[in-house]
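Have the structure open as you read.

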Amino acid sequence: MDTYSKLGILAEAARYDAACTSSGVDRGAVSGRVGTTRAAGCCHAFTSDGRCVTLLKVLMSNACSYDCAYCVNRRSASVPRATFAPRELAELTVDFYKRNYIEGLFLSSGVLGTPDETCERMVECLRVLRQDLLFNGYVHAKVIPGTSPELVEWLGRLADRLSVNLELPSSSSLTALCPDKDACGITRPMAQIRRGRDEEELRLRAASGQGGGRSRGPSRPLGPCAAAPAAKASPGDAAHGPGSPLALGQEAGAPRLSSRRSRVSPSRRTFAPAGQSTQLIVGASPENDDQILRLSWSLYEKYDLKRIFFSAYMPMLEDDRLPEPGTPVPLRREHRLYQADWLMRYYDFKPGELTSTEEPWLDLDLDPKLAWALRHIGLFPVEVNEAPLETLLRVPGIGPVGARRIVRARRSGILGFEDLGRLKVVLKRARPFLTCNGATARGLPLDADLIRRKAVEDARGSSYNRTRRQAEGQLSLF
């Protein structure tokens with residue numbers, strides 16, 4: 001099979017992995033090397049169906065020895081198989097870069113034999129790319145669960161960002177749908193990446209004279225799975241129960257989300273400078289949104305993730321353990337989880353404020369911030385000229401930029417609703433929840449039922465949601 005035939009198979013096989021985004025790394029041109037990377041992301045990569053993506057996104061191989069029920073590349077699936085040789089894929093990447101098709105590589109793989117055998121091929125590909133072909137662009141590498149720590153270390157030195165996909169939100173679902181995987185094999189490399197970044201930050205800060213204090217939490221092993229050298233589950237994992245969220249409880253003294261951002265520039269790092277991310281599949285297993293958000297919070301706190309990606313499961317495979325083919329793709333649920341994740345990362349919301357054991361599902365008709373405000377209508381209206389920044393961030397329609405503009409502007413005088421418009425605050429959504437110098441705005445009153453009805457009508461009439469509803473009724477989204 002020639003290289004381009006392999007590319008057709010392996011690019012198609014990689015499209016279901018959502019865990020890639022803008023690079024998060026700035027690295028300029030270096031004399032004698034090929035390529036650059038920018039934090040704003042990569043561009044000019046095209047798939048056969050016409051989608052524009054940021055990276056050359058392929059699998060090293062789709063000849064997988066695992067039999068995960070939800071995966072189109074599982075061992076028992078009847079699909080064309082292909083495998084790149086390490087140098088073949090490295091040369092293809094540079095060839096595409098020189099043609100201005102891409103600016104980086106997203107490299108993942110099915111489990112070709114064992115996790116270590118697969119990772120050795122990935123490491124060799126990236127070694128050729130970096131050292132022989134002198135490629136200086138962005139590389140995101142997927143760590144295979146169960147990979148040896150030495151190989152994870154090599155990957156971290158060759159790639160900009162690493163990711164280890166959890167895929168499923170609980171140990172029970174992992175056991176049922178992924179019989180070849182275990183929770184510790186997934187969380188151990190995540191803990192190793194966190195430790196490696198923490199230790200490197202300490203060295204860099206000490207070398208620059210900033211002191212040796214920890215800025216992002218402890219660099220000791222995190223959790224029962226992190227300390228053991230082997231990939232099998234440790235005895236301590238059994239105490240968490242089969243339905244637990246992958247033994248990822250929050251540790252005492254874990255840093256707040258607002259303190260996670262590193263003080264060391266990514267461009268100074270040599271180990272996974274853009275950090276790590278993960279992916280969760282939504283809709284393939286029975287976990288509710290409350291379980292998923294609490295797991296996400298624990299992952300951010302414990303492993304200092306840069307991003308969690310949610311991937312709506314597409315029911316295409318016949319399996320008694322999975323939703324039947326023809327079941328609507330939960331795209332709207334995926335969208336609400338992304339919104340809730342954003343609120344936790346940038347608005348200081350906690351999982352228990354967005355969902356609860358009594359109300360474990362996000363409202364599909366309202367964005368999570370508006371749904372929270374309507375449940376706590378007694379906290380409103382908020383006085384624009386007096387409310388602290390944290391309170392302004394809880395108002396629907398006001399984001400971090402708008403809230404900071406309000407705080408700055410009111411130092412110069414009393415603000416009215418006209419001033420908020422000039423500050424580009426989205427008054428269409430925020431107006432009922434605000435007062436300016438004690439006065440309320442004309443229009444929709446502060447009534448939860450009326451506001452909800454109006455928000456639902458506006459959302460259903462938008463072109464965005466018309467397109468999304470049409471997509472939810474289709475199985476073939478590509």
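## Strand β4 and its neighbours

Start with a pairing: Leu56 has Leu105, in β4, as its bridge partner. Before going on, a word on where this comes from: the model is predicted, so local features need pLDDT of at least 70 and side-chain atom pairs count only at pLDDT 80 or more, while totals for chains, interfaces and linings use all residues. Residues are numbered from 1 along each chain as its sequence is written, and side-chain values use heavy atoms, with hydrogens and water left out.

Helices (H or I, at least four residues) and strands (E, at least two) are DSSP runs, numbered from the N terminus. Two strands pair if DSSP finds at least two bridges between them.

| Strands | Bridges | Direction |
|---|---|---|
| β3 (residues 56–59) and β4 | four | parallel |
| β4 and β5 (residues 138–142) | four | parallel |
| β10 (residues 434–436) and β11 | two | antiparallel |

Is β4 buried or exposed? Five of the five residues in β4 (residues 104–108) are buried, so the strand is largely enclosed by the rest of the structure. Buried means under 20% relative accessible area, exposed means over 50%, and partly exposed is in between (1.4 Å probe, protein chains only). Gly104, Phe106 and Ser108 point one way from β4, while Leu105 and Leu107 point the other way.

## A three-stranded sheet

Now hop along to an open sheet of three strands, ordered β9-β10-β11, with mixed pairing. β9 (382–383) and β11 (439–440) stand at the edges with a single partner strand each, so one side of each has no neighbour in the sheet. Thr435 has Thr440, in β11, as its bridge partner.

## Arg394

Arg394 sits in the loop between α11 (389–392) and α12 (400–409). Its relative accessibility is 16%, so Arg394 counts as buried. Leaving aside residues up to four places away in sequence, Arg394 touches several residues, including Tyr347, Glu353 and Trp372; contact means heavy atoms within 4.5 Å.
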